[in-house]
Amino acid sequence: MTNPTLRDEQAGAHLDAIRQSYDTVAADYARFVKDPGALDPVSRAVLTAFAESVTASGLGPTADVGCGPGKVTAFLTGLGVSAFGIDLSPRMIDLARAAHPELRFEVGSMTALESGDGELGGVLAFYSTHHLPPTELPSVYQEFHRVLAPGGHLLLVTRVGEEEHQRRTYGYGDGDPAPFDSYRLPADRIAGLLERAGFAITAQTLQAPEEGAKRPVAGFLARKPATAKAP
Ligand SMILES: C[S@@+](CC[C@H](N)C(=O)[O-])C[C@H]1O[C@@H](n2cnc3c(N)ncnc32)[C@H](O)[C@@H]1O
């Protein structure tokens, strides 16, 4: 059996490393990343479908977990969603607050969200879960399930692959390099873990890698059933 103290320490060290790397690249990332309105049509359609589902449900607010500089949080708000952002990196949160002072952004981790049980109508994880070691995904998906109200919606978008662990040191644009561990799982493995956490998948997309990218992008629209059982 894994020693829980050792496991917690490893998880803490891993989060510290990712926080530090995103703090280093935050300003370059904010300049580099596209505004959601300039994304490809499928990505915009998936975000729009999520926004419509969340607003139609009439449930609580939506957390954009791993919101980075807050561009997607603001995009959702423009679509009528009551959205706020959470990010591990304090520097990202500073940038998000400066760019969108009317919105709420907080430092936090998707591994232990501040929201109470069933408090949220939506959870968005847009290119933010791939730094988690696969062993942590079940508990993070359970955390998404915990904070959602019955009938609430999840949208998870991530690159997928063949169980790959990549370690890269690169900057965004010409910016400072920083180390990033990423894990690319097969789409059906992610779908299975979401279902095991208690989600019903309502739609799944698979986009071919865009020019300059190697891995396809999968999107999972999922719902916490209205009569949710504990996973
Ligand atoms: C590639 S960026 C994506 C940012 C934003 N979602 C977007 O699409 O522009 C990944 C973000 O996830 C954040 N992140 C990584 N692990 C996290 C965790 N455990 N909890 C909260 N945020 C996390 C990083 O700090 C970073 O800002």
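The largest cavity of this predicted model has a volume of about 90 Å³. A cavity is a set of points, on a 1 Å grid over the protein atoms alone, where a 1.4 Å probe fits but cannot get out, and its lining residues have an atom within 4 Å of a point. Local features need pLDDT of at least 70 and side-chain atom pairs pLDDT 80 or more, while totals for chains, interfaces and linings use all residues. Residues are numbered from 1 along each chain, and side-chain values use heavy atoms, without hydrogens and water.

**Largest cavity**
- Of its 13 lining residues, Thr129, His130, Leu137, Tyr183 and Ile190 are the closest to the centre.
- Strand E5 (148-159) provides the largest share of this lining, 3 residues.

**Second largest cavity**
- The second largest cavity, with a volume of about 40 Å³, has a lining that includes Ser43, Phe126 and Gln207.
- Strand E9 (217-223) gives the most to this lining, with 3 residues.

**Ligand site**
- The ligand is surrounded by 19 residues (a heavy atom within 4 Å), and Tyr29, Gly66, Asp87, Met110 and Phe126 are the closest.
- Helix H1 (residues 4-32) supplies 4 residues, the largest share of this shell.
- Nitrogen atoms of the ligand lie 3.0 Å from a polar backbone atom of Met110, 3.2 Å from a side-chain N or O atom of Ser109 and 3.3 Å from a polar backbone atom of Leu88.
- The protein covers 97% of the 590 Å² of accessible area (Shrake-Rupley method, 1.4 Å probe) that the ligand has on its own.

Methods. A polar contact is a pair of N or O atoms within 3.5 Å; within protein, one must be able to donate a hydrogen and the other to accept it, and residues adjacent in sequence count only if both atoms are side-chain atoms. Helices (H or I, at least four residues) and strands (E, at least two) are DSSP runs, numbered from the N terminus. On a 1 Å grid over the protein atoms alone, a cavity is a set of points where a 1.4 Å probe fits but cannot get out, and a pocket is an open set with protein on both sides within 12 Å along at least five of seven lines; lining residues have an atom within 4 Å of a point. Grid points are joined across faces, edges and corners, and a volume is the space filled by probe spheres set on the points.
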